[in-house]
Each structure stands twice: as structure tokens, then as C-alpha cells.
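Subject: Handover of a structure and notes on its contents

Dear colleague,

Please find below the structure that I am handing over to you. My notes on what was found in it follow directly after.

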Amino acid sequence: MTRTLAVVRLAAFLLLATATAAFAQSAEDIVRRLEANQRFRTQEAEGALIITDRFGSRTKTFVSYAEGRERMLLAFTNPEEKGQKILRLQDEIYLYFPDAEEVVRLQGSALKEAVMGSDFSYEDLTGEKSLLDLYEVRLLGSEKLQGREQHLLELKARGRGVAYPLQKLWVDAVEFIPRRAAYYALSGRLLKTLEVLEVRQVAGRSVMSRAIMRDALKKNSSTEFRVDRVKLDQPLPKNLFSLEALSW
Amino acid sequence: MKLAALAFRNIRRNRRRSVLSGSAIALATLIITLMFSILAGILGDYRANVVRYLTGHVRLRNMAYDANERLNPLHLSVPGYRDLVSRLEEEPGVAAVAPRIQFATAVYREERTFGGLGLGVDFDREQAVMQVQHSLVAGRLPRMGQREILLPAGLAAEVGAGVGDKLTLLGKNKYLGMAGMTFTVTGIARFPVAGFNRSFLLVPIDTAERLLKMEGEATEVLLLARDDRRVAALAARANEIVSEAGLTGVEARAWERIGMWHTLMRLVDTMYNFIALFFFILGTTVIINTTMMVIFERLREIGTISALGMKPGEIVRLFFLEAFFISIIAALAGVLLGSALTAVLSRTGVDLSRAMQGVSFEVSPVIRPKLNARSTVFVFFYSVAVASLASFLPSRRAARIQPVEALRSI
């Protein structure tokens, strides 16, 4: 009996110690580890956006290339939009259409528009800055999602130049990748939610390979983001992230 | 007969009085005639603009399109529209057929974007429907199959683009993906409605099909009827043709049953009738007032002719005839002058563009009054009847007064 009690006490102590250790990590530390985990020199991926709304479901396939956090190129490969490209250079977004003689630079309210009618906006593609530069971060506690321990963070915008003034982020306590996110307006109204459905190990790194974004302001609307193939830190063609290269 | 001659003599005897009385009647008649013409012009213009630019007499669309219109649902289309257009053109009751693709778009030029409403049209067929060739103020119409665009004057000024310039149209394709294509401006149009002038940009329908991935599909097909009183029958016939073609999701509707335009037109019609009534009352008051004043002014004369032996009934008839003759001449003059003025204004137009700034209504800022034979004839008889009847009351009262009393009261 005494031995049993001792085991229970030990277990309780270990649990408490683990929890305390977890909270001992500051919110900033968690964000730093999260961002370090998502930092690649280069990334090349193939995947699809599966958009579901009141009119049914549509699939847009793409290949994407990224270099650091500043440069990204998304080229659509499905027959309806084949050849269309989205280029991000720092915070600038450019659209390329094979039938257009000029490259379209998106700015202002156009950045809030949906990419291919999905639940992602062009603004969601931007953001090379660290979350810590843009948001004040607070650790709200921990929660379990699908049996995995998560750090629950609250992010409050420091200024006005962000797409979402308030965010809640569930960060996997072991892999330090986001598992869920909720995006809010300044008024506190829920705008979008992101649910990570699948994480894949690539070259020893955890990479989000399937996620679903839902626009809370649209009924019966969701966009599944699926990565079928991904290569990390492989050399990319030179001059890939330039306006001149878009027409290639 | 003797009284009629006497009445004519009285009219001629005091010309100034007769002219004064007649002028009031003529002026009131002229204003009412002109007012009716202007109102008929506004309503006719509204109807023509709605039918030619928006609905046709009959419009064929996918049944689910209207409920989702604000989402620009290009996939809710009229498939195989070319065969359908050919079939509809064979119908004897059809004067013209115009297939269109309507799409929400943004004009991109020099890193600036401007909202607009794109219309993919068949420029040859639109000569009979939208009559766009009459709206052209610079350049030429786009050629079918080419990446050419006709810009409305308002939008062209805003964008800063002229004939020969290039611009890119952005939008969503049928699959709700992105769409973008560069066009050359070949012409500038000034549409009759200010709202259209700011938003309507026209491209060849086959080019629009490529831009929007709508091969062989239109968002609507508009019909003009040979006889606009048989629009409902034409819609029913179009539905039969649609059914024969196996286009199960497509429906033809008469323009009266589309949107709020017809309801709005009826509302405006009622409103205008109230305005017309106001002018009628004003005109009637002028006629009654002048006629009664003229009779009361002639009490001494009434006393004299009564003392000479004319019976009260004869006095009433005499004054009635005087008013009747004056009103016939005056009303005729008023109607003729009103009609002439209408004819002139219908050519020159009445420019209400300043008054209509910011008004979102399918009426042209330059109104062309339209003479309506039925209302003009009615105005003539109404003026004659009011002036003649207005003479009864004072002349009956005057005729009952004793001659001595009548002479003393002056």
C-alpha cells in the first residue's frame, strides 16, 4: 500500500515537473523554435489546392519554389489555369498570365482577394518577417490535439500592417510545427481557421503536408492544401524569382 | 344660333379680355401637353435602355444564375449557345438575337486597377439590340476573335486610356480560377446611361470565351420581339425551343418578369402620374380662375342684357358658348404649341445631366420628350371641358341677380 502511494506520488511529481518545464519555456522561445523548424534554404514542392464551396469541389495543381522566407514562386499546372504564376518577392505579389502582356502587381485591397477562389488570400502568402517582429506573443497554456500535447499561443499584432490582428496558434510541443491556427479580426470576430491534417518527415525535418483552411465568413467553404512531393535545400535554377523569368 | 353669333361678337368686341382668358387656357394646355411628353420620353427611354442593354424583350439564362448573380457564376451558363441562337433567329416573332457573356472584371493599367462590368458580345448582332455603333465616339468597334476592347467614355477617362492603348482585364474564369488577358482599345463609346458609361466594357464574345474558359457558352441570350405586345408569347415559344434543344437548365423570361426593372417602371409611372395630376390641378385652377374672373368682371354687362330682356337661361348659355369658343381656340393653340415644342425638344433633347449626377437609374441624362397622341387629344378635350364648365357657376349666379342690383353693384 505504502509502495503504491509512493508510485502515485512519484508519477504526480513527474507530471507536475513536465508541465512546469513546459511552461518554463517562454512564448518567444516556442515561436523561435517554430520558425527555425520552418526555415529552409530552398524548397521545391508539388501539390494541389482542393477548393470546396457551394458550387462543388475544384482541384488546382501547382509546383512551387521558395528561397528563404522572402521569395516564392507558385506555378499552376491544372489545365484551366496552366501557365499562370504567382511570384512573391518580399512583401510584393505579382501575377503572371500567359495571355497578358504585362505582369500584374497586386496591392491594397487586392491582396485580400482569394487565391483561385480558395479560402487563402494573397495576404496569406506574404510575410517574410518573424512573427515576433509583428506580434506580441503570449503563452495561454497547453492543450491536447489528437492525443498530442500543444502549446497554445496568443498573438496580438504590434501594429496595423498585418493580415490578422489577432491569432491563436497551437504548436506541437514535440515537433514544434503548427497544428492549428485561428485568425481573428480586431473586433475579435473569427475570420479563418487552419487545421493541419498531416505532417511528413523530409530529410529529417517535419513538414506540413496536408492542411485545411476554412473561411469563417463563407458558408460551406474550405480549401485543402496538399503537398504531394517536397524537396528541401536543393539548388534551384538561377534567376527563378524574377519578373523576367515569369514568362519562361 | 343667334346666341352663338352673339357669343362670337362678344369675343371679338373685347379682344384684350378674350386674349387674356385664352392665353391662360393655352398656357395651361401647353404645359400639360409638354409635361406628358417629357414623362412619356423618360419612361420610353428607361424601357428602351433596360430592354436594349440589360434584358431584351426576352432573356434566356441558366435557372440558377439569378440567385447567384453577385458571385459571377460563369459555370451557370447557356451551353451550346451558337446553335440556340441560329434556331431562335428562325422564329418569325424574333426581330434580333444577342448572346452575351457578362463577367465581373477589373481593368489593370500602369499598376492601377479599376472595377468594371465586362460584356462579351457579338458586335454584328448587337447592331440591332444594343445599337452600340450609335454610341461610338472614337475609333471603331472591336473585331470578332481579336483581343480588342470597346471602353465606355467614363471609364476610359478614369483609366486614362484612349484608342490604340493596351490594358489588361482581370477576373475569374468559369472554374473560379484567375483570368487575365491584355486587350487593345479600338473604340470609345458614350452610352446613354451614366452608370453604363462608367462600367460597361465590351469585348468580342469569342475572345471572352477564351479568357473565361467558356468554350461555346454564354451567360445569357437576349431576344428582341418584332411586336413588343407579344413578349409573353415569345418567351413561351423560346422555352419550347430551349426544351427541344435539350437545354434543361435554361429558362426564357419576359422582361416584365426579370428583376425589379418593370416593377420600378410601374412605380415611376405612378409617380409621374401624380406629378402630371399636380400640373393638371394647377392648369385647371388657372383656367377656372380666369374664366370665373372674366364673368364676374362683366356683372354690369349681365345686368344690362338682363334689363334688355334676355332670360337667365339664355345668359348662362351665352357665357358658356363664349368660354367654349375661347377654350377650343386656346386649347388647340396650346396643344399645337406644346406639340411643336415637343418636336423641337425631341430633336435637341433636354439635358438633365447635372440634375441626374449620382443618380443610379437606367435613364439617359438627355431626355427626349415623346408626343403621345392619346394624351394630347385628352388634354385638348379636358381643357375645353374645364373652361366651359367653369363658366357655368359664375354665369348662373350672375344671371339670377336682378338687373338693378347688378347695375348698382358695379
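Predicted model: local features only at pLDDT ≥ 70, side-chain atom pairs only at ≥ 80, totals over all residues.

I begin with a hairpin in chain B. Five residues separate the strands β7(B) and β8(B) in this hairpin, and B:L176 adopts a positive phi near 60 degrees there. Helices (H or I, at least four residues) and strands (E, at least two) are DSSP runs, numbered from the N terminus. Two strands are taken as paired if DSSP finds at least two bridges between them.

Residues are numbered from 1 along each chain as its sequence is written, and chains are lettered from A and ligands numbered from 1 in the order in which they are written.

As to confidence, the predictor assigns the complex an ipTM of 0.80 and a pTM of 0.78. Chain B has a mean pLDDT of 87, with 97% of its residues at 70 or more; pLDDT is the predictor's confidence in each residue, from 0 to 100.

Within β8(B), B:M178 stands opposite B:K172. Strand β6 (residues 148–152) of chain B pairs with β8(B) in the parallel sense over five bridges, and B:I149 has B:V185 as its bridge partner in β8(B). Strand β5 (residues 136–139) of chain B pairs with β8(B) in the antiparallel sense over three bridges; here B:G187 of β8(B) is the bridge partner of B:G139. Nine of the 12 residues of strand β8 (residues 178–189) of chain B are buried, so this strand is largely enclosed by the rest of the structure. A residue counts as buried if 20 or more other C-beta atoms lie within 10 Å of its own, exposed if 12 or fewer, and partly exposed in between, with C-beta atoms placed from the backbone.

Chain B is divided into domain 1 (2–50 + 263–408) and domain 2 (64–248), with bounds from an automatic or database domain assignment. The C-alpha centres of these two domains of chain B lie 49 Å apart. B:E91 is found in the loop between α3 (81–89) and β3 (94–109) of chain B. B:E91 is partly exposed, with 17 other C-beta atoms within 10 Å.

Chain A has four helices and 13 strands, and 27% of its 248 residues count as buried. In helix α2 (residues 27–37) of chain A, the buried residues are A:A27, A:I30, A:V31 and A:L34. They cover an arc of only 95 degrees around the axis, which puts them on the same side of α2(A); the arc is that of the directions from the helix axis to the C-beta atoms. The buried residues of α2(A) pack against elements of chain A including β7 (135–145) and β8 (148–157).

Finally, the interface: 17 residues of chain A are in contact with 18 residues of chain B, contact being C-beta atoms, placed from the backbone, within 7 Å. On the side of chain A that touches chain B, β2 (56–67) and β6 (104–106) of chain A are the elements that give two or more residues. By class, that side of chain A has seven nonpolar, two polar and eight charged residues. Ala, Val, Leu, Ile, Met, Phe, Trp, Tyr, Cys and Pro count as nonpolar, Asp, Glu, Lys and Arg as charged, and the others, Gly among them, as polar.

Yours sincerely

Methods: Contact = placed C-beta atoms within 7 Å.
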